[in-house]
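Hello,

Here is the structure I promised to pass on to you. My notes on what turned up in it follow below.

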Amino acid sequence: MRYLASVCALMIALISPSVSAQWLQTTGVATLEDGDTETARANAVSDAIKQALLYSGLELSSVQTLTNGVLTQDHLSLQAHGQVQQMQLLEEQQSDGMISVTMQIEVLDNPQQCPEQDFISHFALTRTALDNPQQARYGQIFDVAPAFTKQLYAIMSQTQLAMLPIPYFKEAVDVSPFFTQQFQYDENVLEYIRDKSNSQYVLLSQITDISTGKQLNNDYAFWQDESYNRYFNVEFALFDALSFEKIWQKAYQTQGPWQFEKTARIDVNSGTFWQSQYGRAITALSEKVMFDLNNELRCLPTRGLIQHIDGDQVVINLGKANGLVMGQQLTLAHSSNLTTYAGKRLPRQVTTLHRVEVNQLYQHSAIATNIGKRPLANIQLNDLVLLSQ
């Protein structure tokens, strides 16, 4: 198969010597549209490759683009943490307008895995804000921001990542102070979202441009509907929910043809919108965000908070969903923030000699008991829990 040969040739060219490898079996899926089996198959293969690369701990800056079964544009960036050696197509199925491919992919062992890769951080995915609502009048797409957030959550939750998104869509957040250069945002907002979502990180975003550009078709072609280019610019900021530091910020831009009638009112939650060229451009942007965020979070520490103290036992806000197991030993640390003259809190972590062991484990929480001789008298609520391998 030509598309599979193209992808294999690229992957084999990237191989570096290694002593061991592992075979992964993954299944990729894609929508079958207008009977175009080749494109759907190529998209499904690409999806299977992405699943394997994420599982193996590879860092990707973006994803290959496969069109009509041929690798046409290579945006794949591997950062020397492991590589794919060979692939084999095991099975292909078509059902209910979908195509799925099951593949075996040989991935070289990762010699530089993050020390905390066995643990999973949670981040609160908040509702995206719309910076210029007046731009939504064209097409009446005033709900594009929450629709984009839901679509981004769907993409992230269906992919095996180094972090777990926690949807926080109920309340709108005034994100504008978080994107200024003066760093005048209210840390209490981050603390509130953290406590409500039980997350270690908070992701904020705002759509900055959905304006229309130049007309794509000719005015003299009166038999054609007007078609315009439309932009979609969005920026993200990731915050540590424990220290309130901004640890990542990035802006993204894309565009696509807006082929709907000028007076049409478009349902941004419909398949019609997301299957349009403009909607697909936004989906591709969402995947780029997902990979970038995965790269950013995969090596960040997973830390928890003490929520309750009862003698020699503490209740923490980490559990099975974060990768904890029974008998896991944890180190306690004081969260002793410093305050500047301007009233800004600076993070400071003071590690103690206290160690506790998990003896009751739940999905999102755990109870751990002191295993040292020193009493936990100086441990307070919202002190930190540090994970140990």
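In strand β20 (residues 384–387), L384 and L386 point one way while V385 and L387 point the other, and all of them are buried. Strands and helices here are DSSP runs (E, at least two residues, for strands; H or I, at least four, for helices), numbered from the N terminus. Buried means under 20% relative accessible area, exposed means over 50%, and partly exposed lies in between, with a 1.4 Å probe and protein chains only. In a regular strand the side chains alternate between the two faces of the sheet.

Before going further, please keep in mind that this is a predicted model: local features need pLDDT of at least 70, side-chain atom pairs count only at pLDDT 80 or more, and totals for chains, interfaces and linings use all residues. Residues are numbered from 1 along each chain as its sequence is written, and side-chain values use heavy atoms, with hydrogens and water left out.

**The barrel**

β20 has partners on two sides. Three bridges join β13 to β20 in an antiparallel arrangement, and four bridges join strand β15 (residues 329–335) to β20, also antiparallel. (Two strands pair if DSSP finds at least two bridges between them.) V385 is the bridge partner of G304 and also of L332.

These strands belong to a barrel of six, closed in the order β13-β14-β19-β18-β15-β20 with antiparallel pairing. From one strand to the next the twist averages 45 degrees; the axes behind that angle are lines fitted to C-alpha atoms, for helices over the stretch in contact, and angles run from 0 to 180 degrees between N-to-C directions.

Leaving aside neighbours within four places in sequence, T352 is in contact with T331, L332, A333 and H334, where contact means heavy atoms within 4.5 Å.

**The cores**

The largest nonpolar core has 40 residues, of which F123, I210, F232, F236, F273 and L293 touch the most other members. (A nonpolar core is a set of buried Ala, Val, Leu, Ile, Met, Phe, Trp, Tyr and Cys residues joined through side-chain atoms within 4.5 Å.) Elements that each supply at least two residues of this core include β6 (121–126), β9 (201–209), β11 (228–240) and α6 (277–297). The largest share, eight residues, comes from α6. Setting aside neighbours within four places in sequence, F123 has contacts that include M156, I166, Y201, L203, L293 and L297. Another core, of 17 residues, lies apart from this one, and among its members are L318, L324, L330 and V356. In soluble globular proteins, nonpolar side chains tend to be buried together.

**Around β9**

β9 is mostly covered, with eight of its nine residues buried. Three bridges join it to β6 in parallel, and L125 stands opposite L203 in β9. On the antiparallel side, eight bridges join β9 to β11, and Y201 stands opposite D240 in β11.

A136 sits in the loop between β7 and α3. A136 counts as buried because its relative accessibility is 0%. Not counting residues up to four places away in sequence, A136 touches L130, I141, F142, I210 and R230. The C-alpha atoms of A136 and D209 are separated by 9.5 Å, although the two are 73 residues apart along the chain.

**The whole chain**

The protein chain has six helices and 20 strands, and buried residues make up 48% of its 389 residues. Among contacts between residues at least 6 apart in sequence, 70% join residues at least 24 apart.

Best wishes
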